[in-house]
Amino acid sequence: MTRTIQVAKDFALLPAGRYKKDGSHTGEHFREKLKDLLSQSNESIEVNFDGVLGAGSSFLEEAFAGLIRDGILGKQDFKNKICIIANENPEIAEKVHRYIEEVN
């Protein structure tokens with residue numbers, strides 16, 4: 001089974017910023033939301049960015065690559081557990097996957 005997060009509806013129309021100190025809808029906030037969902041069940045998570053007005057690169061890097069850096073998921077686990085949907089702005093999904101690959 002898959003859980004879906006509609007970013008525009010469930011989180012923010014314009015997610016931006018890296019750390020909590022940067023605002024109320026940052027990558028750190030979203031990473032914690034993902035971490036909680038991952039710890040609650042073994043379901044995969046579909047993160048749908050359709051409807052957002054944009055998504056800052058620092059938000060995307062912190063939210064998703066941060067899962068890898070923090071040891072919450074490995075790169076292959078990320079690919080198996082999290083699906084990024086961004087039909088309206090495919091660049092969002094491309095950036096997320098690039099940031100994941102760049103984590104050492």
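Angles under 35 degrees between two axes count as roughly parallel. The structure described here is a predicted model. In this model, the axes of helices H2 and H3 cross at roughly 30 degrees. H2 and H3 are therefore roughly parallel to each other. Their axes come within 7 Å. The crossing of H2 past H3 is right-handed.

Residues from both helices make this contact. H2 contributes Gly27, Glu28, Phe30, Arg31, Leu34 and Leu38. H3 contributes Phe59, Glu62, Ala63, Phe64, Gly66 and Leu67. By type, the contact of H2 with H3 holds 7 nonpolar, 2 polar and 3 charged residues.

Glu62 is one of the H3 residues in this contact. Its relative accessibility is 7%. Buried means under 20% relative accessible area, so Glu62 counts as buried. Beyond its neighbours within four places in sequence, Glu62 is in contact with Arg18, Tyr19, Gly27, Glu28, Arg31 and Arg69. Among these, Gly27, Glu28 and Arg31 belong to the H2 side of the helix contact.

The nonpolar interior was examined next. In soluble globular proteins, nonpolar side chains tend to be buried together. The largest nonpolar core of the model has 31 residues. Phe30, Val47, Phe49, Leu60, Phe64 and Phe78 have the most contacts inside this core. At least two core residues come from each of helix H2 (27–40), strand E2 (44–48), helix H3 (57–69), strand E3 (82–85) and helix H5 (90–102). H3 gives the most, with 7 residues. Phe30 and Phe64 also take part in the contact of H2 with H3.

Phe49 illustrates the reach of the core residues along the chain. Neighbours within four places in sequence are again left aside. Phe49 is then in contact with Val7, Ala55, Phe59, Leu60, Phe64, Ile84, Ile85, Ala86 and Ile92. Of these partners, Leu60 and Phe64 are themselves among the core residues with the most contacts.

His97 is found in helix H5. At 36% relative accessibility, His97 counts as partly exposed. Asn87 lies in the loop between E3 and H5. With a relative accessible area of 62%, Asn87 is exposed, because the exposed class covers values over 50%. Asn87 and Val103 are 16 residues apart in sequence, and their C-alpha atoms are 25 Å apart in space.

Key
Residues numbered from 1 in each chain as written. Predicted model: local features only at pLDDT ≥ 70, side-chain atom pairs only at ≥ 80, totals over all residues. Heavy atoms only, no water. Core = buried A, V, L, I, M, F, W, Y, C linked by side-chain atoms within 4.5 Å. Buried < 20%, exposed > 50% of the residue type's maximum accessible area, 1.4 Å probe, protein only. Helix = DSSP H or I, 4+ residues; strand = E, 2+ residues; numbered from the N terminus. Contact = heavy atoms within 4.5 Å. Axes fitted to C-alpha atoms, helices over the stretch in contact; angles between N-to-C directions. Parallel < 35°, antiparallel > 145°, perpendicular 65-115°, else oblique. Left-handed = near helix turned anticlockwise from the far one by under 90°. Nonpolar A, V, L, I, M, F, W, Y, C, P; charged D, E, K, R; others polar.
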